[in-house]
Amino acid sequence: MPDVVIMKEIKGLNETYAEENREKFAADNVLAVNIMGAPGAGKTSFLMALCDKLKARGIRSAVIEGDLYSTIDTEEFANAGYRSLQINTEGECHIDANVIRQGYDRLGFRDGVVFIENVGNLICPAEFDLGEGLRIITASVPEGDDKPYKYIPMYSYVDVVVLTKCDLKEAVGFDTEYFTRGLRALNEAPVFETCAKAPADSWGVDEVADLVEAKYKSI
Ligand SMILES: Nc1nc2c(ncn2[C@@H]2O[C@H](COP(=O)(O)OP(=O)(O)OP(=O)(O)O)[C@@H](O)[C@H]2O)c(=O)[nH]1
Ligand SMILES: [Mg+2]
């Protein structure tokens, strides 16, 4: 069973790197936040709105962007004045702790919040601890209200659920009660309803900023 042995080794090594990352983040007074979600769920749009809210409160943010290819998301943050770093996985469907270890060193950031936008995927990112202090899933309402019933490992893994694109809730017939019932079978994570179509007009993001601020101040 050589494949099984290899998988175990990779996972074991990931845990070692994740632990090292946790120690480094703590020493640097950094809260690392892993943002996960499906492709196009609104991760970048929500994150930009959240960074702007935190900036207005005097909290510094930096962003590590994970994508298979391109620098589109990183450029958006760089243009907005945030320290940012792109990680191109070139085919890998998730970011792992070793990649974050190297990326974080190159970012050269401390005393603030480092957001890691994971590769758009509802499966593999839930298998790789990055050493983060907070795990958020962005679940966009057009994806459907049944996702916690289907993607059980991911919805069990997260600390916070951010419903995105809530301006489209009625149009797509999203049933929050049904969604929350599925989530509660797995997890007591708080649920926030947000819209970030245009960061300046975003709503619901302030409540998430309250939670991130409290978490940052408690590290
Ligand atoms: N109506 C609406 N559209 C949104 C909202 N947030 C994001 N979008 C749109 O959804 C699309 C995807 O948004 P992104 O923020 O790029 O999503 P993402 O999850 O970062 O995408 P990937 O990084 O490519 O996986 C874009 O066309 C956004 O303008 C929202 O709150 N409401
Ligand atoms: Mg993105």
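## Sheet, helices and ligand shell

Lys165 is buried, because 25 other C-beta atoms lie within 10 Å; a residue counts as buried if 20 or more other C-beta atoms, placed from the backbone, lie within 10 Å of its own, as exposed if 12 or fewer do, and as partly exposed in between. This is a predicted model, in which local features need pLDDT of at least 70 and side-chain atom pairs count only at pLDDT 80 or more, whereas totals for chains, interfaces and linings use all residues. Residues are numbered from 1 along each chain as its sequence is written, and chains are lettered from A and ligands numbered from 1 in the order in which they are written.

Lys165 sits in the loop between β6 and α7 (169–172), where helices (H or I, at least four residues) and strands (E, at least two) are DSSP runs numbered from the N terminus. Most residues other than glycine have a negative phi. Lys165, although not a glycine, has a positive phi of about 60°, and Asn29, which is not a glycine either, has a positive phi of about 55°. Asn29 belongs to the loop between α1 (2–27) and β1 and, with 11 C-beta neighbours inside 10 Å, counts as exposed.

The sheet is open and is formed by seven strands in the order β3-β2-β4-β1-β5-β6-β7, with parallel pairing; two strands pair if DSSP finds at least two bridges between them. At the edges stand β3 (83–88) and β7 (191–193), each with a single partner strand, so one side of each is left without a neighbour in the sheet. From one strand to the next the twist averages 20°.

| Strand pair | Bridges | Residues opposite each other |
|---|---|---|
| β2 and β4 | five | Ser61 and Val113 |
| β5 and β6 | five | Ser140 and Thr164 |

Strand β2 is largely enclosed by the rest of the structure, because seven of its seven residues are buried. In a regular strand the side chains alternate between the two faces of the sheet. In β2 both faces are covered, with Ser61, Val63, Glu65 and Asp67 buried on one side and Ala62, Ile64 and Gly66 buried on the other.

Helix α2 lies across β1 (30–37), β2 (61–67), β4 (112–117), β5 and β6, and runs at about 175° to β4. Helix α9 also packs on the sheet, where it touches β1, β4, β5, β6 and β7, and its direction makes about 140° with that of β1. Angles run from 0 to 180 degrees between N-to-C directions, and axes are lines fitted to C-alpha atoms, for helices over the stretch in contact.

The helices α2 and α9 (residues 205–217) pack at an angle of about 65°, with their axes 9 Å apart. In this contact Phe46, Ala49, Leu50, Lys53 and Leu54 of α2 meet Val205, Asp206, Val208, Ala209, Val212 and Glu213 of α9, contact meaning that the C-beta atoms of two residues, placed from the backbone, lie within 7 Å. The residues of the contact of α2 with α9 divide into eight nonpolar, no polar and three charged; Ala, Val, Leu, Ile, Met, Phe, Trp, Tyr, Cys and Pro count as nonpolar, Asp, Glu, Lys and Arg as charged, and the others, Gly among them, as polar.

Ligand 1 is surrounded by 17 residues, of which the closest are Gly42, Lys43, Thr44, Ser45 and Gly120; a residue is near a molecule if its C-beta atom, placed from the backbone, lies within 6 Å of it. Helix α2 (residues 43–56) gives the most to this shell, with three residues.
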